Amino acid sequence: MSGVSEDFVRIFDTTLRDGEQSPGCSMTTPQKLTIARALSELGVDVIEAGFAAASPDDFAAVQAIAREARGPRVAALARCQRNDIERAAAALEPAEKGRIHVFIATSDIHLAHKLRMSRAEALDAAAAGVELARQYCDDVEFSAEDASRSDPAYLADVFSAAIEAGARTLNVPDTVGYAVPEEYGALFKYLSEHVRGIEKAILSCHCHDDLGMAVANSLAAVQNGARQVECTINGIGERAGNAALEEIVMALRTRAPFYGVGTRVNTKRLYPTSRQLVAVTGSAVARNKAIIGENAFAHESGIHQHGMLRNRETYEIMSPDDVGVSRSQLVLGKHSGRAALSDRLRELGFALDESALNQAFAHFKSLADKKKEVFDADLEAIALGQTGNEQGPWRLLALQIQGAIGRDAVPSASVRLAHEDGRVVQEAAVGDGPVHAIFAAIERATGTAVTLRQFQVRALTTGEDAQGEARVEIEADGREYRGRAVSTDILEASALALVEVINRIERRRALQASAGASEEAVA
Ligand SMILES: CC(=O)SCCNC(=O)CCNC(=O)[C@H](O)C(C)(C)COP(=O)(O)OP(=O)(O)OC[C@H]1O[C@@H](n2cnc3c(N)ncnc32)[C@H](O)[C@@H]1OP(=O)(O)O
Ligand SMILES: CC(C)C(=O)C(=O)O
């Protein structure tokens with residue numbers, strides 16, 4: 001293992017430098033500042049703020065972040081060239097803790113075609129670059145670009161020279177995402193054993209995802225002594241991207257006994273930081289992206305949902321709360337089963353007996369065959385079809401309306417309701433219209449205040465005894481409820497629809513109270 005005083009994995013975030021090299025992800029200075037603030041809150045150890053020599057804007061961004069960031073070290077990238085290093089040093093000047101990060105390629109293909117340098121020339125340039133950077137900054141990192149395709153013996157010589165010149169972090173980039181975990185891990189082991197003065201430095205990995213192995217390679221490096229991981233939020237970066245920070249952090253945390261080393265990141269900030277980056281760059285993440293994707297804590301199939309309802313750990317290896325996601329989701333779709341359907345219906349305030357649940361389940365399956373996802377409103381419609389208006393705790397015994405007709409009429413309603421606990425309550429109220437009066441009287445009688453969002457009536461049949469349907473949409477306890485009732489008297493249908501909704505609100509509150517009580521009992 002390389003020379004580390006405290007044994008933890010330093011998270012070097014390069015979202016603002018390598019991440020910004022992702023086509024479509026370039027950011028303005030104010031946007032970079034927003035992300036830098038989020039990264040500080042996340043608790044990363046190093047923020048690579050940019051490549052100061054790239055443009056006046058990049059310089060300004062590095063400088064602004066250096067001026068503001070307190071906590072994480074701020075790094076700026078530079079080629080092994082005087083101008084780059086001096087621009088990096090100037091931009092980092094206001095930093096509380098700065099780092100100049102110099103790099104040069106070490107693979108034969110880069111030396112021959114890109115740099116047109118011999119191995120010896122590149123080694124000298126690396127040493128000279130580190131030495132110059134050290135004149136401006138105590139903390140210098142050296143990266144051997146394309147390290148994973150470099151001759152290991154030559155690489156060890158270059159790193160030895162970099163340490164001698166004053167570098168204290170040695171980065172081993174898999175620049176083109178060519179490495180595989182066993183080989184990349186072995187390279188770290190080899191370097192730990194062959195770089196002269198390695199005890200003075202920290203080994204770092206920096207992986208790209210061209211073969212989808214950036215995270216696996218980074219973890220292999222950690223297993224073989226790397227104590228800094230370079231990564232980006234959402235895995236953005238040049239071409240296929242960099243190793244995703246959230247995946248590295250959560251792999252080390254979730255498999256802590258296996259890796260035996262962790263990070264200092266506040267994992268609860270992972271999801272909020274990811275969303276902030278999406279908001280700034282407009283670059284969406286795939287639904288199935290690990291840790292922070294929309295589906296990362298969503299379960300659709302019946303067998304999984306049934307397991308989740310019994311014990312979350314049957315199908316979740318992390319708690320959504322640990323990464324800042326509010327809760328797991330059981331998504332109802334064509335693969336869902338009765339357990340999830342009945343659980344969601346109970347949440348919506350419907351307590352169906354076995355035969356009603358079976359019928360609701362048949363309707364639900366045929367709907368799910370046609371729709372990708374079945375929403376709460378669909379479920380309510382299905383459940384209302386099964387329950388009618390018969391479920392308590394309240395039952396409407398009598399309804400009387402007065403003064404409903406005429407220009408100067410002041411409509412009033414009186415209602416009598418029975419509760420399943422034996423109470424019979426009578427109340428009256430006036431309103432702007434008869435329905436308003438009925439609703440006010442029912443709210444008073446039941447003691448449940450609601451906010452009416454929508455009210456609709458329509459004729460279902462024709463003739464003297466035509467059936468009328470009333471539909472209400474209500475808000476209570478921060479949720480929406482829909483109710484429906486049918487009667488030959490449209491005012492009675494309205495009253496029944498509201499009673500139906502109030503019953504569901506009360507059933508839901510009772511359910512929550514009993515869940516709270518059992519949690520307290522467990523605690
Ligand atoms: C693996 C990585 O992610 S490395 C970081 C990549 N990031 C970036 O390139 C973003 C910022 N880059 C830029 O804005 C521009 O490329 C600049 C301003 C740095 C340079 O622009 P230009 O001077 O026009 O050079 P250009 O980009 O065309 O070519 C790169 C030059 O740097 C040289 N070079 C490349 N890497 C290094 C290095 N580590 N040390 C010294 N020289 C280097 C190349 O050989 C080439 O030199 P040449 O022009 O003498 O042939
Ligand atoms: C400059 C280095 C660290 C790099 O970004 C890479 O090699 O991918």
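Ala, Val, Leu, Ile, Met, Phe, Trp, Tyr, Cys and Pro count as nonpolar, Asp, Glu, Lys and Arg as charged, and the others, Gly among them, as polar. The model is predicted: local features need pLDDT of at least 70, side-chain atom pairs count only at pLDDT 80 or more, and totals for chains, interfaces and linings use all residues. Residues are numbered from 1 along each chain as its sequence is written, while chains are lettered from A and ligands numbered from 1 in the order in which they are written.

**Exercise 1. Describe the shell around ligand 1.**

Step 1. Count the residues. A residue belongs if its C-beta atom, placed from the backbone, lies within 6 Å of the molecule. Ligand 1 has 15 such residues, and the closest are Phe51, Ala54, Arg79, Cys80 and Ile104.

Step 2. Find the elements. Helices (H or I, at least four residues) and strands (E, at least two) are DSSP runs, numbered from the N terminus. β4 (98–105) and α4 (108–115) each give two or more residues to this shell.

Step 3. Sort by class. The shell holds 7 nonpolar, 3 polar and 5 charged residues.

**Exercise 2. Find the buried side of helix α3 (residues 82–92).**

Step 1. List the buried residues. A residue is buried if 20 or more other C-beta atoms lie within 10 Å of its own, exposed if 12 or fewer, and partly exposed in between; C-beta atoms are placed from the backbone. In α3, Asp84, Ile85, Arg87, Ala88, Ala91 and Leu92 are buried.

Step 2. Why do they share a side of α3? Because they cover an arc of only 160 degrees around the axis, they lie on the same side. The arc is that of the directions from the helix axis to the C-beta atoms.

Step 3. Look at the other face. Turned away from the buried side, it carries the exposed residues Arg82 and Asn83.

Step 4. Find the partners. The buried residues of α3 pack against α2 (56–68), β3 (73–79), β4 and α5 (119–136). Here, contact means C-beta atoms, placed from the backbone, within 7 Å.

Key:
Two residues are in contact if their C-beta atoms, placed from the backbone, lie within 7 Å.
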